[in-house]
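Trainee: Hey, could you walk me through this one? I'm new to it and would like to look at it piece by piece.
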Amino acid sequence: MKAQLSLDPAFVVADVRRRTFGSFVEHMGRCVYTGIFEPRHETADEDGHRRDVLDLAREMGVTMVRYPGGNFVSGYRWEDGIGPVMHRPRRLDAAWHSAETNEHGIGEFILWTRKAGVEPNYAINLGTRGVQEALDLLEYANHPGGTYWSDLRIAHGHAEPFGIKMWCLGNEMDGPWQTGHKTPYEYGRLAAETARAMRQRQSGLELVACGSSNSSMPTFGTWEATVLQECYDQVDFISAHAYYNERAAGDLASFLASAVDMESFIEDVASTADHIGAKLRSRKRINISFDEWNVWDNAATGTPTVDWPSAPRVGEDTYTLADAVVVGSLLITLLRHSDRVTAACQAQLVNALAPLRSEAQGMAWRQASFWPFAHASRLAKGKVLDTHVVGPNYPNERFGDTPVIHSVVTHDEESSELVVFVVNRHLEEPVELSVGLRAFPGYRVVEHVILDDEDVHAMNTEQEPDRVQPRRAESSQVDGEDAQVLLPPVSWSFVRLR
Ligand code: AHR
């Protein structure tokens, strides 16, 4: 099979957004406890954070982290997680049917983000709480000092304000599973008033209204329109969440095409937001924060059935090579829509549906799905180019005829580097891809790295942590005006050209 990719530096979609490479740490399962935080671990630092997990998060190139939920946040009192640890209450967490010890709270999170070099993104509880609690939290976090909450933060050892810019106004409030679930009108009003009050206290905040939990929600579309009708002027983003897995997709060929769903989800949310903008005669554009996305086989790794364990194993999916290729394809989609998706968080960072795994008192390792994220975060720089691929389609049950090749190209004017990120979705056939370099004379292939495996269900485990690993391809080269690149079936690649 052959495919041709055309590109030109003059045709730009948008800047690569650093926030595209966000992640998510929720008090869910073992993401916090024995994930990023385990005071008794041999690598723990003075704050109880695991250095081995921190190092892997840095290597992965995470740029922003959303915290503390997720479903968890909709029943959470942020004050439980501040002050001396021995005075912090142990609570029931209805979202994950767990006991929450509150040993890790906002102060520890901010210390972790500083060590990891990532931007904090904080979700507030609009399920069981409202405007006043959001204002107290904002004052505790961001006010320099001289007031009740800011002085309390200083007394807790955090002299410097946390400087949190990006705030999620609740989580998945459209979902009946959410504590304090609301109608779109109820939520839109609450989001508007919370945002208005927060902005009265501090300018320059970036606020995210909850969009739909996924594009199959019965209220999808109506939810976004009604919510934005109420809070359009007060917010900057509408969120989107999506999870995919092979079992729900029905078959591997359909699963590999999951990004088709994400693509139309993004386009539908953007058009709905623009429709409300037009109705309100507003020149402002609402962007999308895709603040939960990943592969997650929910049915296989659901909530605990025993009563209220602390940090149980929840959502500990082991990711296959095929999962990693889909993760790569979802990242390609986010990058291709960098004009509207200006922030995104892969959910989550460690243990709970995560590219990283760790064991209590044990090792930490990279899942197969670590690699596409790490590659794209490290190499996608400068501008996203508007590219076109002419190539074969393949049939699949769920999406019909789908392009075999899915790609995005970034161009960094500073280093002159072009990077092609590309997935071959075909189950059996390799594809010979020609990358047209007429507009980039003299360019050579610097590096072509492939993630593939003869077993598409191969995975990295504690026993075999490096089973699925990227490899360098030696045969890719420029021939005339084209770079010739061979893409194995079910694979993720990046090709650097300069
Ligand atoms: O990321 C896991 C869960 O998925 C989050 O808590 C929730 O927001 C979503 O449904």
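Predicted model: local features only at pLDDT ≥ 70, side-chain atom pairs only at ≥ 80, totals over all residues.

Trainee: Okay, and where is V490 found?

Mentor: V490 is in the loop between β25 (482-487) and β26 (491-497). Strands here are DSSP runs of E with at least two residues, helices are runs of H or I with at least four, and both are numbered from the N terminus. The phi of V490 is near 45°, a positive value in a residue other than glycine.

Trainee: What about R281, what is its phi near?

Mentor: Phi of R281 is near 55°, again positive in a residue other than glycine. R281 sits in the loop between α9 (259-279) and β11 (287-295). At 71% relative accessibility, R281 counts as exposed.

Trainee: You mentioned peptide bonds. Which residues does a cis one join?

Mentor: G69 and G70 are joined by a cis peptide bond, with omega about 10°. G70 is in the loop between β4 and β5 (91-93). A cis bond also joins A347 and Q348, where omega is about 0°. Look for Q348 in the loop between β12 (341-347) and β13 (356-358).

Trainee: New topic: helix α11. How many of its residues are buried?

Mentor: Nine of the ten residues of α11 (residues 370-379) are buried, so the helix is largely enclosed by the rest of the structure. Among them are F370, W371, H375 and L379.

Trainee: What does α11 meet in helix α10?

Mentor: P372, F373 and A376 in α11 meet A324, G328 and L331 in α10. The residues of that contact divide into five nonpolar, one polar and no charged. Contact means heavy atoms within 4.5 Å. For the classes, Ala, Val, Leu, Ile, Met, Phe, Trp, Tyr, Cys and Pro count as nonpolar, Asp, Glu, Lys and Arg as charged, and the others, Gly among them, as polar.

Trainee: And at what angle do the axes of α10 and α11 cross?

Mentor: Roughly 30°, and the axes of α10 (residues 321-336) and α11 come within 7 Å. The two helices are therefore roughly parallel to each other. The axes are lines fitted to C-alpha atoms, for helices over the stretch in contact, with angles from 0 to 180 degrees between N-to-C directions. Under 35 degrees counts as roughly parallel, over 145 as roughly antiparallel, 65 to 115 as roughly perpendicular, and the rest as oblique.

Trainee: How do the axes of α1 and α11 cross?

Mentor: The axes of α1 (residues 51-60) and α11 cross at roughly 55° and come within 8 Å. That makes α1 oblique to α11. From α1, L56, E59 and M60 make the contact, and from α11 it is F370, W371, F373, A374 and S377.

Trainee: Zooming out, what does the domain assignment give?

Mentor: Domain 1 (2-9 + 385-497) and domain 2 (17-379), with bounds from an automatic or database domain assignment. Their C-alpha centres lie 30 Å apart. In the contact, 41 residues of domain 1 touch 38 residues of domain 2.

Trainee: Which residues touch the most other members of the largest nonpolar core?

Mentor: Y122, W167 and F290, out of 164 residues in that core. α10 gives the most to this core, with eleven residues. A nonpolar core is a set of buried Ala, Val, Leu, Ile, Met, Phe, Trp, Tyr and Cys residues joined through side-chain atoms within 4.5 Å.

Trainee: Last one: where is S407 found?

Mentor: In strand β19 (residues 405-412). S407 counts as buried at 2% relative accessibility.

How values were computed:
Residues numbered from 1 in each chain as written. Heavy atoms only, no water. Buried < 20%, exposed > 50% of the residue type's maximum accessible area, 1.4 Å probe, protein only.
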